[in-house]
There are 2 protein chains.
Amino acid sequence: MGYTVAVVGATGAVGTRMIQQLEQSTLPIDKVRLLSSSRSAGKVLKYKGQDVTVELTTEDSFEGVDIALFSAGGSVSAKFAPYAVKAGAVVVDNTSYFRQNPDVPLVVPEVNAHALDAHNGIIACPNCSTIQMMVALEPVRQKWGLSRIIVSTYQAVSGAGQSAINETLREIKEVVNDGVEPKDVHADILPCGGDKKHFPIAFNALAQIDVFTDNDYTYEEMKMTNETKKIMEEPDLPVSATCVRVPVLFSHSEAVYIETKEVAPIEEVKATIAAFPGAVLEDDVANQVYPQAANAVGKRETFVGRIRKDLDVENGIHMWVVSDNLLKGAAWNSVQIAETLHERGLVHPTKELKFELK
Amino acid sequence: MGYTVAVVGATGAVGTRMIQQLEQSTLPIDKVRLLSSSRSAGKVLKYKGQDVTVELTTEDSFEGVDIALFSAGGSVSAKFAPYAVKAGAVVVDNTSYFRQNPDVPLVVPEVNAHALDAHNGIIACPNCSTIQMMVALEPVRQKWGLSRIIVSTYQAVSGAGQSAINETLREIKEVVNDGVEPKDVHADILPCGGDKKHFPIAFNALAQIDVFTDNDYTYEEMKMTNETKKIMEEPDLPVSATCVRVPVLFSHSEAVYIETKEVAPIEEVKATIAAFPGAVLEDDVANQVYPQAANAVGKRETFVGRIRKDLDVENGIHMWVVSDNLLKGAAWNSVQIAETLHERGLVHPTKELKFELK
């Protein structure tokens, strides 16, 4: 009586962690099917100690699948997610392709699980950098309201996939072992595979994640702006981001500045965040306790600290928000959405197909 | 008829670069004397190809010295800078010890060279993270005024000295060559030598630079706030900072948000910054041109890009500011102050000693 769960993009940095999160999940799972492109099909991965052969993703891959987790790039989701829905599966899509589609809920379960109730077969998992900020800010928004957000990110290279992790390690070894100057290291992938030029990330900081849009912000920055508005259901909330890649492999950090509608006493802000599901308060500067990327790796929670009043603006608050971008930022949030769908009785075939079959 | 210039802390990360900057300086220099603690005294360094033996710093070290550049820690400046002034030297101090002293000008030559005219023998060089922000923002302040600054920094480990560089390289090698998890790497120095706990910086981001103050900001963050007000002569300008160490060896990056008193058209802001001495505009996102830490290493300029309007606030502007923290942030700004003192005829013995001899 359990589910058949498919993972599309099973061999990637997020896909392999989706498998781990499914292994640890409370979902009743009968069978896991692993799907990929032709490049990885035929590989053998483990699920709960059993060999599972990776299959090629086709339009016909989803017969008998109840839940399909997609993390193989926007074009794969665009092509195959509608076929999965047509075959009766509920899709949790970790790419940006459907996130702004009005027929698709964009969900961080702690924040807006209610949005799942109206799903049409596809649920979008937000961008990694957005998710952890939502976990930190939603408790503040609920209690005092938010009137603006400014965020600067310190993002791990794993957000750009396994190939970016490999590139970063190769570059760093060239610098520390071979004495190459960071500026002279060759790069093929970062700051983003889809753009023309590539720059070293070893001992560098790249103020570009994803390609640039017409307004001189990057898509990554606009994802933080637009996804925040949709998840919080606050279309007029001002949100501006600067998204920066740093030479960290796992876990994103964020310097977040907010202004609240009502003045929020800092000790109450700390207590309110500490009490919010999925958030962990790490804030005791007298004992040098604050969130660190290295400590968040492998954990599902979002860690929040350095919470302090702005020095001049009465309703201004600064904080430091850290989470494993591959877990809460992707694999765990996706599996958590699936768990929440199950708990709410929402894992069922969709009657009317609202998405184009390509 | 040239100067005798002393470098105190000559063997450190900044001191060695002070020697390089003096070699390239327009100052008329007859003789360079290199001073240090007993740990490094007796070492032999080069100045313009000639051997110079490093001497122990004592109260009597400054006889015959015209200009003394200090970068050996606050306690060394506190102890010996007044003796240097008493002996007739003009001191350019790169530590934080004298920066908020009302008898001491705090100078970024492009911004407030006029403050040198009233010196009393000691001139303070601001904190590295402050200096580059001043070069980027002063042209904007002069033309449109500033009503607030929020900055998040991405600071290189070299700001904590040569030992922090060595520690970072050792940690990173342990991760990439020996497979140690970043969280399990041993640390002795960072986030700051003077605090109780030490954390790995390899593949991490540490939201602590210097120790914490009573208001839950770090001293580094309060330096950015207080030094900005003093340099810009704007005691009421709101400035709040989040200072973060990242695994970069050289060059600080900063995500700077400002609000101007008058609305500033972005293209004019770019042109105004490009025309300011010491600032270089690198801003052509269509061609992926923006400042990068790796490219700024070894250069004296401050690089500014990603200049764009806030998405909601009419007078809000975001930018990305990068400079070599050891050059413009320390060694070059100190030598540049010395050059400016020379140009203004201000290298002379001070009549009244305003600083306590300890």
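Is C243(A) buried or exposed? At 0% relative accessibility, C243(A) is buried, where buried means under 20% relative accessible area and exposed over 50%, with partly exposed in between (1.4 Å probe, protein chains only). This is a predicted model, in which local features need pLDDT of at least 70, side-chain atom pairs count only at pLDDT 80 or more, and totals for chains, interfaces and linings use all residues. Residues are numbered from 1 along each chain as its sequence is written, and side-chain values use heavy atoms, leaving out hydrogens and water.

**Cysteines**
- Over all chains there are zero disulfides, a disulfide being a pair of cysteine sulfur atoms within 2.5 Å.
- C243(A) is in no disulfide, and its nearest cysteine sulfur, in C128(A), is 8.8 Å away.
- C125(A) is buried at 0% relative accessibility, and its sulfur lies 9.0 Å from the closest cysteine sulfur, that of C128(A), which is too far for a bond.

**Chain relation**
- Chain B superposes on chain A by a rotation of 180 degrees with 0.0 Å of shift along the axis, at RMSD 0.0 Å (least squares on C-alpha atoms of residues with pLDDT of at least 70 in both).
- This is the relation of a two-fold axis.
- Both copies use the same surface, as 100% of the contact residues of chain B recur in chain A (contact: heavy atoms within 4.5 Å).

**Helix α5(B)**
- Helix α5 of chain B covers residues 162–178, helices being DSSP runs (H or I, at least four residues) numbered from the N terminus.
- Its buried residues include I165(B), I172(B) and V176(B).
- The buried residues of α5(B) fall within an arc of 165 degrees seen down the axis, so they line one face of the helix; the arc is taken from directions from the helix axis to the C-beta atoms.
- Their cover includes α5 (162–178) of chain A.

Note on methods:
Chains lettered and ligands numbered in written order. Helix = DSSP H or I, 4+ residues; strand = E, 2+ residues; numbered from the N terminus. Expected span 1.5 Å × (residues − 1).
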